[in-house]
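Dear colleague,

Please find the structure below, handed over for your study.

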Amino acid sequence: MQCLKIEGGFPLQGEIPVHGAKNSALPLLAAAVLCREEVIFHNCPGLSDVAAACRILEQLGCRIRREGSTIAVDPSAIGNHWVPDHLMREMRSSVVFLGSVAARLGEASLCFPGGCELGARPIDLHLMGLRALGMEITEQERHIYARVPNGLRGARIHLRFPSVGATENILLAAVLAEGETVIENAAREPEIGDLAAFLNCCGAKIRGAGSGTLMVEGVPRLHGCSYTVMPDRIEAATWLCCGASAGGEILVSGARPEHLESLLPLLERMGCRLRLDAAGIRLQAPERLSGCGEVVTSPYPGFPTDMQAVLMACACSAEGESSFEETIFENRFRHSAEFEKMGARIQVEGMKARVYGVRSLQGADVTATDLRGGAAMAALALRAEGSTIIRDIRHIDRGYECLERDLSLLGASIRRVNEEEIKS
Ligand code: EPZ
């Protein structure tokens, strides 16, 4: 098994790029199924989840060409509506193929994605919305079979919670439904805007992305197009928090400040100086950070659950207390026990965590608990004195192209090692 080895305690300096957004690329690849001609995606991140989505597309009959960060999907020969379990299980968000495959082929068969390290992750909202559009969906022994016996018809759908995945799934089916669909209390995340912009490029008629009410006028078919995936706001936040935690001065190039409006004021409150310009976001960290106050995760434009762990890493060495309340996923503080191995002081009670900042942290042997928690361990290890080993980094590889390559650009001492190398 591979691990990351980090020598911490040194400030960072330099420029780090932001890659294409994982959480945008995945629904975009699923959306390609809806098109009648080739679609070309630029700026796709080189992640294991993206590779898994490409394998699903190939299984469905699409032809894939990949060159660097460009992925061309030719869906003209698509004919298979069935995704085998092992491909579905490689990536939880594969459920987003349900809406697009059933809308394009009239049926879809895939296994239930199930829970994950973050919690139960039900898909009832996805199914409710797709059924409202006229899909007949049966669930049997963790398998989902959807068919469209009488065509899809537009509907008014109200989501009791603005689920990102449910909004995407419903949108993917609604673009080919007859008549108008209105999705109320839709997710407002920028990735939804990216998906809507891509679909509109292919001939869809979607209005209201980003507003909470999506209006879709169904069209009979979508054509191909060439599209550039938006920059990854969670990766940008990770780099900014690494700079804040380790200290120093960095430029996160290509970061879009308008996607980070809930994080940037918190970093300033902690004492960081930020400069936004055409190149990206420049961060200058203070000698020691101050606490970030009370942070409550919530749907966009609130503070994202995906940035909670990396900001908590900053709070661990800050002066004073910080508190975090998680409202999206029930199991998203698992990194805190690993943080404590490095000397952090954190008190977790249910969905709340209180962090008492300490002056010094020490490197330790820790295990990545999930994707963002794992990246946050790297941010903390950059601050800690001495050497840290992060195990189980397959979680990190799902969301960061090559964490060690990118952080090395900032002068960080970080490398990928085999477990055997550590023992010897
Ligand atoms: C997306 O997951 C992201 N994944 C997650 O990023 C992110 O944490 C999450 O949105 C919240 O922002 C992708 O985009 C691939 P949700 P998703 O549906 O769509 C409940 C990362 O680290 N819910 O908005 O699965 C659910 O249980 C990942 O990159 C229902 O109750 O999130 C949760 O409590 C992790 N019923 C809440 O809504 C449903 O049918 C938010 O889930 C669907 C969701």
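The buried residues of helix H4 are Phe97, Leu98, Gly99, Ser100, Val101, Ala102, Ala103 and Arg104. Here, buried means under 20% relative accessible area, while over 50% is exposed and anything in between is partly exposed (1.4 Å probe, protein chains only). Helices (H or I, at least four residues) and strands (E, at least two) are DSSP runs, numbered from the N terminus.

Please note that this is a predicted model, in which local features need pLDDT of at least 70 and side-chain atom pairs count only at pLDDT 80 or more, whereas totals for chains, interfaces and linings use all residues. Residues are numbered from 1 along each chain as its sequence is written, and side-chain values use heavy atoms, with hydrogens and water left out.

H4 spans residues 97-105, and eight of its nine residues are buried. Among the elements that cover them are helix H1 (22-32), helix H2 (48-60), strand E6 (107-111), H5, strand E8 (143-147) and H6; contact means heavy atoms within 4.5 Å. Just after H4, Gly106 has a positive phi of about 85°.

Two helix pairs deserve a description. Axes are lines fitted to C-alpha atoms, for helices over the stretch in contact, and angles run from 0 to 180 degrees between N-to-C directions.

The axes of H5 (residues 124-132) and H6 come within 8 Å and cross at roughly 20°. On the H5 side, Leu125, His126, Gly129 and Leu130 meet Gly165, Ala166, Asn169, Ile170 and Ala173 of H6. By class, this contact has five nonpolar, four polar and no charged residues. Ala, Val, Leu, Ile, Met, Phe, Trp, Tyr, Cys and Pro count as nonpolar, Asp, Glu, Lys and Arg as charged, and the others, Gly among them, as polar.

H6 (residues 164-174) also packs with H7 (residues 190-201), at an angle of about 10° and with axes 10 Å apart. H6 and H7 are therefore roughly parallel as well. Val164, Thr167, Glu168, Leu171 and Leu172 of H6 make this contact with Ile192, Leu195 and Leu199 of H7. Its residues comprise six nonpolar, one polar and one charged.

Finally, Arg233 lies in helix H8 (residues 233-246). Arg233 is buried, with a relative accessible area of 7%. Leaving aside residues up to four places away in sequence, Arg233 touches Glu189, Pro190, Glu191, His259, Leu260, Tyr300, Pro304 and Met307.

Yours sincerely

Definitions and conventions:
Angles under 35 degrees count as roughly parallel, over 145 as roughly antiparallel, 65 to 115 as roughly perpendicular and the rest as oblique.
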